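Morning, everyone. Please have the sequence and the 3D view ready. I will keep this short.

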Amino acid sequence: GSSATPYSQSAGTMSQSVQTFGRKKTAVAVAHCKTGNGSVKLNGSPLELVQPEILRFKAFEPILLIGRNRLKNLDIRIRVKGGGHVSQVYAIRQALAKAVVAFYQKFVDEQSKQQIKEALLQYDRTLLVADPRRCEPKKFGGRGARARFQKSYR
């Protein structure tokens, strides 16, 4: 089973849609994927405008791996909040990848879902599996979570 929890908002049969999320550290991205004409929006603006440019390709990875032709009848809207620049980009790409997989599982066929999933996982596991690492709290007796103050015998 997939860890994504797709639930349709409208019970209407005309628009097929799924909702998934991606996480990285404290950033959360929510993706709505529905039948449409291939537009991918992030917070209402196109995905091409992701700030830091260096990470823009990271956000596009799932699209390039899945292939434009599989996305041309989908509309994906993504909202992201929390975290920093990098975490947000990682959350976005995970939400995107999971949304497409969930959509294919629900409304298309199992075969093409498996193909997409294989391609994504073979490339990078974090595209579908959340990275559980979090910041560890600082303890007393030192300046960080593990580092301790220097000890002297004088």
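I will go through the salt bridges, and then a pair of strands.

Some ground rules. This is a predicted model, where local features need pLDDT of at least 70 and side-chain atom pairs count only at pLDDT 80 or more, while totals for chains, interfaces and linings use all residues. Residues are numbered from 1 along each chain as its sequence is written, and side-chain values use heavy atoms, with hydrogens and water left out.

Salt bridges, then. Side chains of opposite charge can pair when their charged atoms come close. Here, a salt bridge means a side-chain nitrogen of Lys or Arg within 4 Å of a carboxyl oxygen of Asp or Glu. How many does a search of the whole structure find? The count is 3.

Take Lys-34 and Asp-75. Their side chains meet in a salt bridge, at 3.5 Å from N to O. Lys-34 sits in strand S2, residues 27-35, and Asp-75 in strand S5, residues 74-81, so this pair ties together parts that are 41 residues apart in sequence. A word on those labels: helices (H or I, at least four residues) and strands (E, at least two) are DSSP runs, numbered from the N terminus.

Is Asp-75 buried or exposed? Buried means under 20% relative accessible area, exposed means over 50%, and partly exposed is in between, with a 1.4 Å probe and protein chains only. Asp-75 comes out at 14%, so it is buried. Lys-34 has 27%, so it is partly exposed.

Next, look at Glu-136. Its side chain meets that of Lys-139 in a salt bridge, 2.8 Å from N to O. Glu-136 also forms a salt bridge with Arg-146, with the closest N and O atoms 3.1 Å apart. Glu-136, Lys-139 and Arg-146 are therefore linked in a network of salt bridges. How open are these residues? Glu-136 is partly exposed, at 35%. Lys-139 is partly exposed too, at 32%. Arg-146 is exposed, at 66%.

Now the strands. Which way do S1 and S2 pair? They pair in the antiparallel sense, over 8 bridges. Two strands count as paired if DSSP finds at least two bridges between them.

Last, the turn. S1 and S2 form a hairpin with 2 residues between them. Lys-25, in that turn, has a positive phi of about 50°.
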